[in-house]
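Please keep the sequence and the model in view while reading.

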Amino acid sequence: MLNFGIIGCGSIGGFLGRLLTRRDGELADRARLVAVAGRNPAPVRALAAELGCEALDVADLLARPDVDAVVVCTPSGTHAELGTAALEAGKHVLLEKPVDVCRDAVERLLATARRTGRTVGVVSQRRFDPAARLARAAVRDGALGRVTSVLIEVPWWRGDAYYAGGTWRGTRALDGGGALMNQAVQAVDLAMWLAGPVEEVAAHTALLAHHGLEVEDVATASLRFADGALGALLATTAAYPGRTARIAVHGDRGSVVIDNDELAYFHAAQDGEQATAYGAYGAGNQADAHRPSLAADGTRDSIGLLYQPHRDQLADFCDAIAAGRSPLVDAEAGRRALDVVLAVYASARTGRAVRPGDTGTPVSSGTPEIPGIPGIPGKESLS
């Protein structure tokens with residue numbers, strides 16, 4: 001049994017708190033929520049009362065000897081520094097996406113994790129969707145043949161009220177970016193989990209539908225994967241009224257499409273099968289044959305998120321700690337996804353193709369100020 005504390009009592013902190021207190025069969029004997037913390041006392045007390053746990057400030061939560069692991073659900077630009085402080089306090093750490101917005105801060109986090117021997121994971125629950133696991137197995141086993149192209153589409157809408165709902169949203173220092181960094185980074189991680197690392201990026205970004213933001217609401221990119229496949233990326237919060245996210249992986253012997261975390265299309269060529277010279281135009285969908293094996297818990301939280309993918313990632317995180325192994329989505333995976341995002345921004349800024357990891361100055365060049373931890377002065381709300 002691992003005792004958890006949550007830092008950050010906004011929507012995602014509340015969601016993960018409710019997941020940890022559901023007494024779900026997968027987590028009942030592995031995880032228990034002890035306390036929640038944040039800068040603003042009112043939302044911390046409200047969430048603690050809802051969940052039946054203690055309300056603390058950040059420093060007190062990190063000092064608690066009965067807290068084994070900390071889930072960081074604060075503004076993106078504070079993730080790595082808070083995670084580093086938790087590691088120094090002897091805690092295991094699970095960071096809400098993205099791992100951070102500043103690569104230097106992530107490097108410090110990784111170095112601290114190596115030195116302390118503690119486990120660090122990054123929330124990327126889409127890897128735990130049954131459809132994603134099927135797609136991963138199909139690529140790994142060669143059922144799609146050679147992967148030739150990947151499409152990543154996140155055509156969402158976020159209204160002005162969304163950005164007004166948190167003073168950090170839409171800022172370069174703490175949001176780190178817009179539609180790509182905040183909304184689509186998990187899709188980038190999933191695409192690389194399916195098709196391998198991205199080797200080169202050429203991109204454009206723009207702010208077209210919102211006002212007063214420091215970051216983009218539209219990002220497009222051409223991607224070249226290490227094994228030769230080519231990809232196209234669209235991430236936007238300016239697609240009114242909002243559509244579902246979709247990832248497609250195409251190979252020379254099959255294709256798979258995941259739409260809204262569900263298997264929308266699947267075809268793997270059978271022995272001796274040959275398509276007509278002009279192709280099938282979407283025919284031959286084998287998805288129905290796989291759906292019985294993809295049954296999942298469809299229970300959703302009050303904010304609309306499914307419990308099952310996050311539950312399975314939390315279970316993997318607990319198992320990784322128990323076994324002394326890395327979780328499926330570790331800090332290195334988080335850094336790889338961040339590198340692609342930063343490469344998109346660097347390419348859009350410079351007008352040239354960029355290799356992930358060779359992006360020059362990070363989006364946030366300074367250390368974000370975090371309240372409640374000695375030596376790190378307070379600036380923004382963690383709630």
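**Helix packing, sheet order and a buried serine**

Helices α4 and α5 cross in a left-handed manner. The model is a predicted one.

**Helices α4 and α5**

- Helix α4 covers residues 79-88 and helix α5 covers residues 103-116; they pack at an angle of about 15°, and their axes are 9 Å apart.
- Angles under 35 degrees count as roughly parallel, and α4 and α5 are therefore roughly parallel to each other.
- On the α4 side, the residues that meet α5 are A80, E81, G83, T84, L87 and E88.
- Their partners in α5 are A105, V106, R108, L109, T112, A113, R115 and T116.
- Sorted by class, this contact of α4 with α5 comprises six nonpolar, four polar and four charged residues.

**Helices α1 and α2**

- The axes of helix α1 (residues 11-20) and helix α2 (residues 41-51) come within 10 Å and cross at roughly 20°.
- Because of this angle, α1 is roughly parallel to α2.
- The crossing in which α1 passes α2 is right-handed.
- In this pair, G13, G14, G17 and R18 of α1 meet L47, E50 and L51 of α2.
- By class, the contact of α1 with α2 consists of two nonpolar, three polar and two charged residues.

**The six-stranded sheet**

- Strands of a sheet pair through backbone hydrogen bonds, in either a parallel or an antiparallel sense.
- Six strands form an open sheet in the order β3-β2-β1-β4-β5-β6, and their pairing is parallel.
- Strands β3 (54-56) and β6 (120-122) are the edge strands, each pairing on one side only.
- On average, neighbouring strands of this sheet are turned by 25° against each other, direction ignored.
- Within the sheet order, β2 stands beside β1; strand β1 (residues 2-7) and strand β2 (residues 31-37) pair in the parallel sense over six bridges.
- The bridge partner of L2 in β2 is A31.

**Residue S255**

- Strand β12, which spans residues 254-259, contains S255.
- Is S255 buried or exposed? Its relative accessibility is 18%, so S255 counts as buried, the cut-off for buried being under 20%.
- With neighbours within four places in sequence left aside, S255 is in contact with L144, V249, H250, Y265, F266 and H267.

Terms used:
Residues are numbered from 1 along each chain as its sequence is written. This is a predicted model: local features need pLDDT of at least 70, side-chain atom pairs count only at pLDDT 80 or more; totals for chains, interfaces and linings use all residues. Side-chain values use heavy atoms; hydrogens and water are left out. Axes are lines fitted to C-alpha atoms, for helices over the stretch in contact, and angles run from 0 to 180 degrees between N-to-C directions. Helices (H or I, at least four residues) and strands (E, at least two) are DSSP runs, numbered from the N terminus. Angles under 35 degrees count as roughly parallel, over 145 as roughly antiparallel, 65 to 115 as roughly perpendicular and the rest as oblique. A crossing is left-handed if the near helix is turned anticlockwise from the far one by less than a right angle, and right-handed if clockwise. Contact means heavy atoms within 4.5 Å. Ala, Val, Leu, Ile, Met, Phe, Trp, Tyr, Cys and Pro count as nonpolar, Asp, Glu, Lys and Arg as charged, and the others, Gly among them, as polar. Two strands pair if DSSP finds at least two bridges between them. Buried means under 20% relative accessible area, exposed over 50%, partly exposed in between (1.4 Å probe, protein chains only).
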